[in-house]
Amino acid sequence: MDDTKAVPRKIIHIDMDAFFAAVEQRDHPQYRGQPLVVGSNPAQRGVVAAASYEARQYGIYSALPSRLAQQRCPHLIFVKPRFEVYRSVSQQIRDIFDRYTNLVEPLALDEAYLDVTTNKPEIASAMAIARAIKQVIRAGTQLTASTGVSYNKFLAKLASGLDKPDGLYLIAPEQGQAVVEALPIAKFYGVGAATTQKMQALGIHTGFDLKQWSEADLRQHFGKTGSYYYRVARAEDERPVNPNRSRKSIGAEQSFAEDLEVLEDMDGALATLAGEVATRMDKHQRYGYTLTLKVKYADYQQMTRAQTVECLLRDTETLYSMAKDLLRAHLDPIRKVRLLGLTVSNLGEPTALPRYTQLSLSLPPFCQ
């Protein structure tokens with residue numbers, strides 16, 4: 001019998017501080033120290049994509065409607081996003097990660113997990129690696145990153161948010177359970193606002209409260225995700241850092257300067273969105289079986305409806321036709337629309353075997 005205990009992994013979670021806004025303040029000295037958001041201005045009926053720390057002091061955050069952001073800070077600076085610049089800087093930062101380990105799992109342009117249990121410089125201390133990466137990022141980009149270090153992904157991500165901005169925080173193996181037990185349930189990664197309310201209604205307010213529940217009871221109330229809650233309440237997370245994490249969906253959406261009332265105008269927007277989604281699928285060579293329509297009404301209430309088919313969705317015409325059918329079947333005709341979106345999910349490669357059909361030697365059919 002092997003009594004050898006597994007060596008704890010060394011995981012780093014890196015989160016760039018107010019990334020889009022920080023890039024704009026770096027490139028435009030007149031914006032430094034000023035409340036700034038990246039996103040559409042209020043006249044364009046958009047939302048905030050990113051907020052500087054100066055703007056956050058006014059209660060401004062990502063996804064807040066631009067109109068409300070301006071109300072909270074009348075002298076707020078609005079900057080149009082420059083995604084090509086953000087992608088370029090993100091790649092520059094990713095190249096820095098690659099100097100230390102091949103096990104890098106990007107979560108977004110500004111966020112990634114690194115597994116440095118074994119690493120290229122052969123540095124024993126994960127904290128030393130995290131500190132070095134922060135220094136190299138600052139020297140190469142003039143930007144700051146907050147980093148969390150721990151023995152699993154859940155705790156590393158938690159740690160990176162405990163000392164922002166420009167933070168470096170360690171949750172050691174002997175600290176994990178105590179940290180989680182004291183954590184308010186709303187701070188758990190993967191627990192959104194609706195789930196927080198549901199848990200609090202059940203008397204679950206902290207990690208300690210969550211830990212008192214059996215896995216079976218959590219699954220009864222929260223489905224399969226209940227098993228995840230059961231494990232992380234005990235500071236357990238066996239998910240590996242996955243450098244080959246695949247895209248789960250491809251989509252596009254558009255907010256309108258004026259709310260749409262006429263169905264033909266909505267059809268025109270759907271045609272444009274269908275073309276954008278088809279182009280993006282071609283770029284990534286990934287196609288899907290499920291189309292989801294997203295509708296946000298003028299009062300910010302949101303509706304989504306989806307349809308799954310047996311063939312891979314690929315061309316603009318098919319996406320447009322399905323989107324129109326979903327819109328006509330589910331739209332509230334007396335309400336104005338401020339946003340429309342289309343997303344293709346259940347992605348597969350063009351050479352994958354067909355879904356929902358009998359196994360055969362033929363390639364999956366594309367919807368025509």
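## Ground rules

The model is predicted, so local features need pLDDT of at least 70 and side-chain atom pairs count only at pLDDT 80 or more, while totals for chains, interfaces and linings use all residues. Residues are numbered from 1 along each chain as its sequence is written, and side-chain values use heavy atoms, with hydrogens and water left out.

Helices (H or I, at least four residues) and strands (E, at least two) are DSSP runs, numbered from the N terminus. For accessibility, buried means under 20% relative accessible area, exposed over 50%, and partly exposed in between (1.4 Å probe, protein chains only).

## Salt bridges

Side chains of opposite charge can pair when their charged atoms come close. With a salt bridge taken as a side-chain nitrogen of Lys or Arg within 4 Å of a carboxyl oxygen of Asp or Glu, the structure holds 18 of them. One is Lys-164 with Asp-15, where the closest N and O atoms are 3.6 Å apart. Lys-164 is in the loop between α6 (153-160) and β8 (168-170), and Asp-15 is in strand β1 (residues 11-16), so this pair ties together parts that are 149 residues apart in sequence. Lys-164 is partly exposed at 31% relative accessibility, whereas Asp-15 is buried at 17%.

Next up, Glu-105 and Lys-153 meet at 2.8 Å, N to O. Lys-336 is partly exposed at 38%, and Glu-261 is exposed at 54%. Elsewhere, salt bridges with shared partners join Glu-24, Arg-26, Asp-27 and Arg-82 into one network.

## Aromatic rings

Rings of Phe, Tyr and Trp (its six-membered ring) pair if their centres lie within 6.5 Å; planes under 30 degrees apart count as stacked, over 60 as edge-to-face and the rest as tilted. The structure holds 8 such pairs. Phe-19 and Phe-20 make a tilted one, 5.8 Å centre to centre with 50° between the planes. Phe-19 is buried at 3% relative accessible area, as is Phe-20 at 15%. These two also belong to one aromatic cluster with Phe-83 and Tyr-86.

A charge sits over a ring if NZ of Lys or CZ of Arg is within 6 Å of the ring centre and within 35 degrees of the ring normal. Arg-56 lies over the face of Tyr-53, at 4.4 Å from the ring centre, and the charged end of Arg-234 is over the ring of Tyr-230, 3.7 Å from its centre.

Strands pair if DSSP finds at least two bridges between them. An open sheet of 4 strands runs in the order β9-β12-β10-β11, with antiparallel pairing. β9 and β11 (302-313) are the edge strands, each pairing on one side only. β9 and β12 pair over 8 bridges in the antiparallel sense.
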